[in-house]
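Work through the exercises below with the model open. Try each task before you read its solution.

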Amino acid sequence: MTYHPKSDFIAVMMERGFLADCTDYQGLDDALIAGVVPGYIGFDATATSLHVGSLIQIMMLRWLQKTGHKPITLMGGGTTKVGDPSFRADERPLLTEDQINSNIAGIKQVFAKYISYDDSDTGALMLNNAEWLDGLNYLEFLRDIGRHFSVNRMLSFESVKSRLDREQSLSFLEFNYMILQAYDFLELNRRYGCLVQFGGSDQWGNIVNGIDLTRRVIDQQIFGLTSPLLTTSDGKKMGKSADGAVWLNADMRSPYEFWQFWRNTTDADVGRFLKLYTELPVDECARLGALAGSEINDAKIILANEVTTLCHGAEAAAAAAATAREVFEKGGVGDDLPTLTLTPDEIGDGISVVQLIVRSGLAKSGKDAKRLIAENGAKLDDQPLTEVKIFDATALASPIKLSAGKKRHALVKLAD
């Protein structure tokens with residue numbers, strides 16, 4: 001549909017490519033014009049960090065705050081105990097309370113880089129749905145909340161239907177997830193006046209459930225707004241790379257590797273990613289995305305610098321860019337490369353280059369590392385590695401540089 005927004009927030013969402021759908025464009029737009037609107041996104045604590053696939057939602061909360069509204073980051077301390085079944089082929093592994101709390105502590109590190117938590121009208125809130133879910137009385141919950149849900153309707157949602165159509169088991173535990181997420185929205189409206197939930201387009205059914213429940217229980221109008229589920233132009237799921245998930249926490253993915261992920265963006269994605277993941281003006285994003293030939297590489301460096309600055313700081317972005325220049329333009333080692341540091345005890349009588357390739361993260365297994373060597377994709381100090389070498393402590397007295405292809409590098413050195 002063509003909608004001409006009055007509010008800055010919806011205008012930004014539309015022109016930068018964040019918007020997939022909205023439950024009521026006019027109603028939400030009017031609310032955004034009328035005053036400060038609290039809006040939330042829920043993040044289940046299934047790992048100790050979020051990855052790049054969540055960055056579109058984080059940027060939505062950042063823009064919400066920048067346009068004068070109040071972001072709420074809801075940690076799923078309660079819902080993680082159940083696990084979101086949406087579009088999954090199997091049940092998520094159940095985590096202990098300690099694991100969930102540890103994951104939440106890791107995830108929290110990311111948000112403060114993107115949004116400001118303070119006591120102002122637009123200061124962000126960090127909440128945990130365990131606050132209201134952990135103490136629920138089962139019979140009361142069934143009577144007061146469960147009666148508003150039609151099982152027929154719940155079965156019709158695509159996230160559940162796709163699982164059942166493939167005749168894959170859906171546990172009663174998982175089936176409850178959408179009721180708990182709907183209840184989150186109701187509680188956030190009751191407690192904090194939250195008016196809008198954001199999420200990927202795969203969360204549409206869960207969001208609509210929360211809107212319906214809140215209308216039925218307390219007769220309040222609230223809204224939902226979804227972002228597209230992003231894939232790269234070659235069809236890959238956003239947030240994945242050749243060597244796994246692109247995590248946002250520096251201890252799980254180094255700033256240099258993070259920077260390199262964005263530098264390796266496919267030409268066709270540069271303009272779109274600049275609009276979504278940076279704050280450069282839209283016209284400048286379009287101009288950079290339209291560059292061709294070798295000039296598009298300059299746009300990719302700008303993309304990598306801007307995104308890394310937001311996530312890890314300007315200093316980390318500058319260091320990553322300097323390392324890339326050293327490695328790629330000058331053929332050097334680079335100070336900021338991922339580094340594997342070994343003790344003499346770990347090396348023992350000798351350690352195979354296959355083990356070094358795996359332990360430095362350049363291959364997932366010894367089999368992959370051997371294949372890399374056999375296919376001439378591995379390099380040692382920028383020279384082709386054609387055989388399986390064994391290194392002793394003397395050979396590693398000076399750092400060595402290992403490479404997988406043209407774009408992935410790591411240092412191996414002896415502990416001081």
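**Exercise 1.** In which helix is Met178 found? Then describe its surroundings.

*Solution.* This is a predicted model: local features need pLDDT of at least 70, side-chain atom pairs count only at pLDDT 80 or more, and totals for chains, interfaces and linings use all residues. Residues are numbered from 1 along each chain as its sequence is written, and side-chain values use heavy atoms, with hydrogens and water left out.

Step 1: Find the element. Met178 belongs to helix α10, residues 177-192. Helices (H or I, at least four residues) and strands (E, at least two) are DSSP runs, numbered from the N terminus.

Step 2: Check burial. Met178 has a relative accessible area of 5%, so it is buried. Buried means under 20% relative accessible area, exposed over 50%, partly exposed in between (1.4 Å probe, protein chains only).

Step 3: List contacts, meaning heavy atoms within 4.5 Å. Leaving out residues up to four places away in sequence, Met178 touches Met154, Phe157, Val160, Asn206 and Asn209.

**Exercise 2.** What covers the buried residues of α4?

*Solution.* Step 1: Locate the helix. α4 spans residues 97-111 and has 15 residues. From first C-alpha to last it reaches 22 Å, close to the 21 Å expected at 1.5 Å a residue. The expected span is 1.5 Å times one less than the number of residues.

Step 1: Pick out its buried residues. They include Ile100, Ile104, Ile107 and Phe111.

Step 2: Name the cover. It includes β2 (38-43), α3 (55-66), β3 (70-75) and β4 (125-128).

**Exercise 3.** Which strands are the edge strands of the open sheet of five strands?

*Solution.* Step 1: Write the order. It is β9-β15-β14-β11-β12, with mixed pairing. Two strands pair if DSSP finds at least two bridges between them.

Step 1: Read off the edges. β9 (339-342) and β12 (383-384) each pair on one side only.

Step 2: β9 and β15 (residues 408-414) are parallel, over four bridges. Thr341 has Lys413 in β15 as its bridge partner. β11 (residues 378-380) and β12 run antiparallel, joined by two bridges. Lys379 stands opposite Pro384 in β12.

Step 3: Follow the side chains of β9. Leu340 and Leu342 point to one face and are buried.

**Exercise 4.** How many residues does the largest nonpolar core have?

*Solution.* Step 1: Apply the rule. A nonpolar core is a set of buried Ala, Val, Leu, Ile, Met, Phe, Trp, Tyr and Cys residues joined through side-chain atoms within 4.5 Å.

Step 1: Count. The largest core has 66 residues. Its largest share, eight residues, comes from α3.
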